[in-house]
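Please consult the sequence and structure shown below alongside the text.

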Amino acid sequence: MENLKKIIKQFPKVGEVKEIKALTSGLINQTYLVKSVSPEEPDYVLQRINHLIFTNIEMLQHNIEVVTRHIRQKLEARHEEDIERKVLHFLPSTNGKTYFYDGEGYWRISIFIPRSQTLETVTPESSYLAGLKFGEFQAMLADVPEQLGEIIPDFHNMEFRLKQLREAVSANMSGRLAEVQDIVDAIEKDADTMCSAERFYREGKLPKRICHCDTKVSNMLFDENGKVLCVIDLDTVMPSFIFSDFGDFLRSAANTGKEDEADLNKVKFNMEIFKAFTKGYIESAQAFLTPLEIEMLPYAATLFPYMQAVRFLADYINGDTYYQTRYKDHNLVRTKAQYKLYLEAKSATPDMKAYINSLL
């Protein structure tokens with residue numbers, strides 16, 4: 001804890017510290033709650049940023065600063081109340097930046113948002129709120145004047161993920177290709193269609209927006225009355241297609257099974273979750289979306305399970321070198337579960353289109 005106190009001293013705006021305790025939430029960064037001695041002072045959140053995943057900390061924090069500043073300006077222009085609880089606020093360190101390097105790791109401090117909570121449970125109600133808030137998040141950032149960096153290059157680039165799969169197939173490092181050739185063939189059959197976004201982007205038909213790129217219910221803070229305060233966990237905020245926020249949420253939330261469900265009969269596409277999320281999203285995002293973006297929302301719902309199946313399959317063929325596995329065929333089980341979800345979402349496309357049209 002003494003080392004943590006030394007780090008905190010590098011952020012001059014933090015007053016006298018009463019207590020530091022580890023927070024268990026969050027899988028990527030080490031996170032601590034810093035309690036202030038004075039009741040007049042806010043509490044703080046201290047994080048060590050995982051620079052093995054986020055290799056460009058300067059870009060990472062610049063993206064976050066641009067986004068939080070722009071959202072704050074929008075809230076002020078709307079004369080919102082309680083703004084400090086509706087947008088994250090990161091403090092400058094002694095070097096003037098919103099992070100500090102201690103020789104081993106990168107640290108940052110934000111103001112703790114009091115009387116707030118996160119939710120883990122996905123329900124139609126929470127999905128509607130997620131759609132509403134993440135759509136609003138995109139809408140508020142649609143006119144950001146500064147260029148943001150791509151913090152994880154090609155993160156949701158379908159062409160890039162298929163290239164990785166084809167390289168894995170060509171190398172066949174683990175000798176597993178023969179047993180999964182039928183899945184490879186099935187994936188390749190739809191490859192051109194699933195790369196539509198990149199193709200339309202090159203043709204100038206589809207824009208990139210500022211997206212969250214990690215949309216889930218747990219990445220929102222709620223107040224004591226169950227209303228959404230703000231979006232959190234901004235590390236993956238970067239330019240992307242709006243599909244990144246729409247499709248990635250549904251990949252997990254609308255899956256009736258687990259991501260690695262071995263019983264494929266349990267894997268269905270939950271249309272009630274789709275409808276709830278989509279209703280909220282359309283309500284808050286429709287004003288800035290192009291007709292093509294709206295038309296392609298069902299494509300987004302199929303894109304992300306397809307993409308994840310491609311990634312799991314490539315890793316399986318490579319010999320399980322990227323994802324942690326708990327047993328020998330874990331990545332293959334994941335592949336089959338995600339591909340089944342893709343097929344379920346694909347078959348639901350007419351219903352998805354009809355529902356979206358009913359909202360317009």
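Two strands are taken to pair if DSSP finds at least two bridges between them. Helices (H or I, at least four residues) and strands (E, at least two) are DSSP runs, numbered from the N terminus. The model is predicted, so that local features need pLDDT of at least 70 and side-chain atom pairs count only at pLDDT 80 or more, while totals for chains, interfaces and linings use all residues. Residues are numbered from 1 along each chain as its sequence is written, and side-chain values use heavy atoms, with hydrogens and water left out.

**Hairpin**

- Strand β7 (residues 220-222) and strand β8 (residues 228-231) run antiparallel and are joined by three bridges.
- Within this pair, Leu-221 stands opposite Cys-230 in β8.
- β7 and β8 form a hairpin with five residues between them, and Gly-226 in the turn has a positive phi of about 85°.

**Open sheet**

- Strands of a sheet pair through backbone hydrogen bonds, either parallel or antiparallel.
- Five strands make up an open sheet in the order β1-β2-β3-β5-β4, with antiparallel pairing.
- Its edge strands are β1 and β4 (100-101), each of which pairs on one side only.
- Five bridges link strand β2 (residues 30-36) to strand β3 (residues 44-49) in the antiparallel sense, and Tyr-32 has Leu-46 in β3 as its bridge partner.
- β3 is also joined to strand β5 (residues 106-111), antiparallel, by six bridges, and the bridge partner of Val-45 in β5 is Ser-110.
- β3 is mostly covered, with five of its six residues buried; buried means under 20% relative accessible area, exposed over 50%, and partly exposed in between (1.4 Å probe, protein chains only).

**Largest cavity**

- Rolling a probe the size of a water molecule over the atoms shows where empty space is left.
- On a 1 Å grid over the protein atoms alone, a cavity is a set of points where a 1.4 Å probe fits but cannot get out; a pocket is an open set with protein on both sides within 12 Å along at least five of seven lines; and lining residues have an atom within 4 Å of a point.
- Grid points are joined across faces, edges and corners, and a volume is the space filled by probe spheres set on the points.
- The count comes to one cavity of 30 Å³ or more, and the largest cavity holds about 40 Å³ of space.
- Residues lining the largest cavity include His-156, Met-158, Glu-198, Ser-240, Phe-241 and Tyr-299.
- At least two residues of this lining come from each of α7 (196-202), α8 (243-253) and α11 (297-318); α11 gives the most, with three residues.
- The lining of the largest cavity divides into seven nonpolar, three polar and one charged residue, where Ala, Val, Leu, Ile, Met, Phe, Trp, Tyr, Cys and Pro count as nonpolar, Asp, Glu, Lys and Arg as charged, and the others, Gly among them, as polar.

**Second largest pocket**

- The second largest pocket contains about 410 Å³ of space.
- It is lined by 22 residues, of which Lys-133, Glu-136, Val-228, Leu-229 and Cys-230 are the closest to its centre.
- α2 (57-77), α3 (124-140) and β8 each supply at least two residues of the lining of this pocket, and α3 gives the most, with six residues.
- By class, the lining of the second largest pocket has 13 nonpolar, no polar and nine charged residues.

**Cysteines**

- The structure holds zero disulfides, a disulfide being a pair of cysteine sulfur atoms within 2.5 Å.
- Cys-211 counts as buried because its relative accessibility is 0%, and Cys-213 is buried with a relative accessible area of 2%.

**Gln-10**

- Gln-10 lies in the loop between α1 (2-8) and β1 (17-22).
- Gln-10 counts as partly exposed because its relative accessibility is 23%.
- Leaving aside residues up to four places away in sequence, Gln-10 touches Ser-93, Thr-94 and Phe-100; contact means heavy atoms within 4.5 Å.
- Gln-10 and Ala-276 are 266 residues apart in sequence and 45 Å apart in space, C-alpha to C-alpha.
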